[in-house]
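Have the viewer open as you read.

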Amino acid sequence: MNFNKMKSRFYNLKYVILYTLIFFLFGSIIELYLIKHYEDVIQIIPIFCLGVSLGSLIILYFRVSKLTINLFKASLSVISFVGLLGVILHLNSNFQFEKEMRPSSSTMDLFIESLSGALPALAPLNLVLLAMVGYSYVLTINQKR
């Protein structure tokens, strides 16, 4: 492969999105592993979904077809749902903790405090962002077809 071809491939939007997506998927899996986000069965769900998306991305990279695109899009939809569910679960856990610590506080005060509680309440929204990056990769594939 000559240098100009390699340089144009590096700057090609499709590959920039692909590399971002791979980095995002691996980074999220590693981060969840390092914070021990596997101590409960429900905590394994995002790690599993990220692994499935990574696997379907690898399959999509080597074999672009309607089936592999739909498989990847389905995995991204599940990741989005899991991200939104994660926000609800984190907020609920923080809310219950704040309620135990300050039982006389109003519901609104407890909710505001639960946003910055022990669990990062908005961190699971990264999965929604990841799915959006994945959908942009699918759009670049569809443009080439």
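## Helix α3

A residue counts as buried when its relative accessible area is under 20%. This is a predicted model, so keep that in mind throughout. By that cut-off, P46, C49, L50, S53, L54, S56, L57 and L60 of α3 are buried.

The helix itself covers residues 41-62, 22 residues in total. From first C-alpha to last it reaches 32 Å, close to the 32 Å expected at 1.5 Å a residue. As for the spacing, an α-helix has 3.6 residues a turn, so residues three or four places apart point the same way.

## The core

Which residues touch the most other members of the largest nonpolar core? Out of its 25 residues, they are L21, L50, F72 and Y137.

Is S28 buried or exposed? S28 sits in α2 (residues 13-34) and is buried, because its relative accessible area is 11%, below the 20% cut-off. Beyond its sequence neighbours up to four places away, S28 touches L50 and L130.

Y33 is also in α2, but Y33 is exposed, at 52% relative accessible area. Y33 belongs to a nonpolar surface patch of about 830 Å², along with F26, I30, L34, Y38, I44, F48 and V52. Both α2 and α3 supply at least two of the patch residues, with the largest share, four residues, coming from α2.

Note on methods
Residues are numbered from 1 along each chain as its sequence is written. This is a predicted model: local features need pLDDT of at least 70, side-chain atom pairs count only at pLDDT 80 or more; totals for chains, interfaces and linings use all residues. Side-chain values use heavy atoms; hydrogens and water are left out. Buried means under 20% relative accessible area, exposed over 50%, partly exposed in between (1.4 Å probe, protein chains only). Contact means heavy atoms within 4.5 Å. The expected span of a helix is 1.5 Å times one less than its number of residues. A nonpolar core is a set of buried Ala, Val, Leu, Ile, Met, Phe, Trp, Tyr and Cys residues joined through side-chain atoms within 4.5 Å. Patches are made of residues with over 30% relative accessible area and no salt bridge: like charges are joined within 9 Å, nonpolar side chains (Val, Leu, Ile, Met, Phe, Trp, Tyr) within 5 Å. Accessible areas come from the Shrake-Rupley method with a 1.4 Å probe; for residues, only the protein chains shown count as cover. A salt bridge is a side-chain nitrogen of Lys or Arg within 4 Å of a carboxyl oxygen of Asp or Glu.
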